[in-house]
Amino acid sequence: MADVDVWVYTLSGMTGKSQRVTVHLTGGQSLKGAVVELDRSRNTVVLDEYAHGSASTRHESPVHTILLTAVQAVTVHEEE
């Protein structure tokens with residue numbers, strides 16, 4: 001299984017939920033947030049730093065679009 005497939009599988013069940021993840025990128029940068037959108041055709045994931053899964057709070061805080069090919073690891077945090 002390719003790395004991108006692993007990240008799609010890992011992140012797909014978390015879209016729109018309060019589950020928070022940290023995405024560790026090539027080069028050492030890490031981004032933490034709730035998964036707002038997973039676009040399989042473009043191999044991207046959108047993280048919202050402060051969203052907790054509610055539709056009313058999505059995109060009201062910093063949003064990051066990440067190419068899955070740049071992901072080295074994903075940490076799934078316990079639900080709050």
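**Entry 1: strand 3**

I looked up which way the side chains of strand 3 point. Thr 44, Val 46 and Asp 48 point one way, while Val 45 and Leu 47 point the other way. All of them are buried. I note the general rule beside this: in a regular strand the side chains alternate between the two faces of the sheet. The model I am reading is a predicted one.

How many of the residues of strand 3 are buried? I found five of the five, in residues 44-48, so strand 3 is largely enclosed by the rest of the structure.

**Entry 2: partners of strand 3**

Next I checked the strands that pair with strand 3. Strand 2, residues 30-39, pairs with strand 3 in the antiparallel sense over five bridges. I looked up two of the positions. Ala 34 stands opposite Asp 48, and Asp 39 stands opposite Thr 44.

Strand 4, residues 63-67, also pairs with strand 3 in the antiparallel sense, over five bridges. Which residue of strand 4 is the bridge partner of Leu 47? I found His 64. In general, strands of a sheet pair through backbone hydrogen bonds, either parallel or antiparallel.

**Entry 3: the turn at Asn 43**

I followed the chain through the hairpin of strand 2 and strand 3. Four residues lie between the two strands. Asn 43 sits in this loop. Its phi is near 55°, a positive value in a residue other than glycine. I made a note of that because most residues other than glycine have a negative phi.

Is Asn 43 buried, exposed or partly exposed? Its relative accessible area is 27%, so Asn 43 counts as partly exposed.

**Entry 4: the whole sheet**

I stepped back to list the elements. The protein has one helix and five strands. From the N terminus on, they run α-β-β-β-β-β.

In what order do the strands lie in the sheet? I read 4-3-2-1-5, in an open sheet with antiparallel pairing. Strand 4 and strand 5 (71-76) are the edge strands, and each pairs on one side only. Neighbouring strands of this sheet are turned by 45° against each other on average, direction ignored.

**Entry 5: helix 1**

Then I turned to helix 1, residues 3-12. Helix 1 lies across strand 1 (20-25), strand 2, strand 3 and strand 5. It runs at about 20° to strand 5.

Which residues of helix 1 are buried? I found Val 4, Trp 7, Val 8 and Leu 11. They cover an arc of only 105° around the axis, so they are on the same side of helix 1. What covers these buried residues includes strand 1, strand 2, strand 3 and strand 5.

**Entry 6: the nonpolar core**

I looked for the largest nonpolar core and found 17 residues in it. Leu 11, Val 21, Ile 66, Leu 68 and Val 71 touch the most other members. Helix 1, strand 1, strand 2, strand 3 and strand 5 each supply at least two residues. Which element gives the most to this core? Helix 1 does, with four residues.

Leaving aside neighbours within four places in sequence, I found contacts with several residues, including Leu 11, Leu 31, Val 35, Leu 47 and Val 74.

**Entry 7: two loop residues**

Gln 19 is in the loop between helix 1 and strand 1. Is Gln 19 buried or exposed? Its relative accessibility is 11%, which means that Gln 19 counts as buried. Not counting residues up to four places away in sequence, Gln 19 touches Met 14, Gly 33, Ala 34, Val 35, Val 76, His 77, Glu 78 and Glu 79.

Tyr 50 is in the loop between strand 3 and strand 4. With a relative accessible area of 53%, Tyr 50 counts as exposed. I also looked up a pair: Tyr 50 and Gly 33 are 17 residues apart along the chain, and their C-alpha atoms are separated by 6.3 Å.

**Entry 8: totals**

Last, I noted figures for the protein. Buried residues make up 38% of the 80 residues. Among contacts with a separation of 6 or more, residues 24 or more positions apart account for 48%. The protein exposes about 4,700 Å², and carbon and sulfur atoms supply 49% of it.

Notes: Residues are numbered from 1 along each chain as its sequence is written. This is a predicted model: local features need pLDDT of at least 70, side-chain atom pairs count only at pLDDT 80 or more; totals for chains, interfaces and linings use all residues. Side-chain values use heavy atoms; hydrogens and water are left out. Buried means under 20% relative accessible area, exposed over 50%, partly exposed in between (1.4 Å probe, protein chains only). Contact means heavy atoms within 4.5 Å. Accessible areas come from the Shrake-Rupley method with a 1.4 Å probe; for residues, only the protein chains shown count as cover. Two strands pair if DSSP finds at least two bridges between them. Axes are lines fitted to C-alpha atoms, for helices over the stretch in contact, and angles run from 0 to 180 degrees between N-to-C directions. A nonpolar core is a set of buried Ala, Val, Leu, Ile, Met, Phe, Trp, Tyr and Cys residues joined through side-chain atoms within 4.5 Å. The arc is that of the directions from the helix axis to the C-beta atoms.
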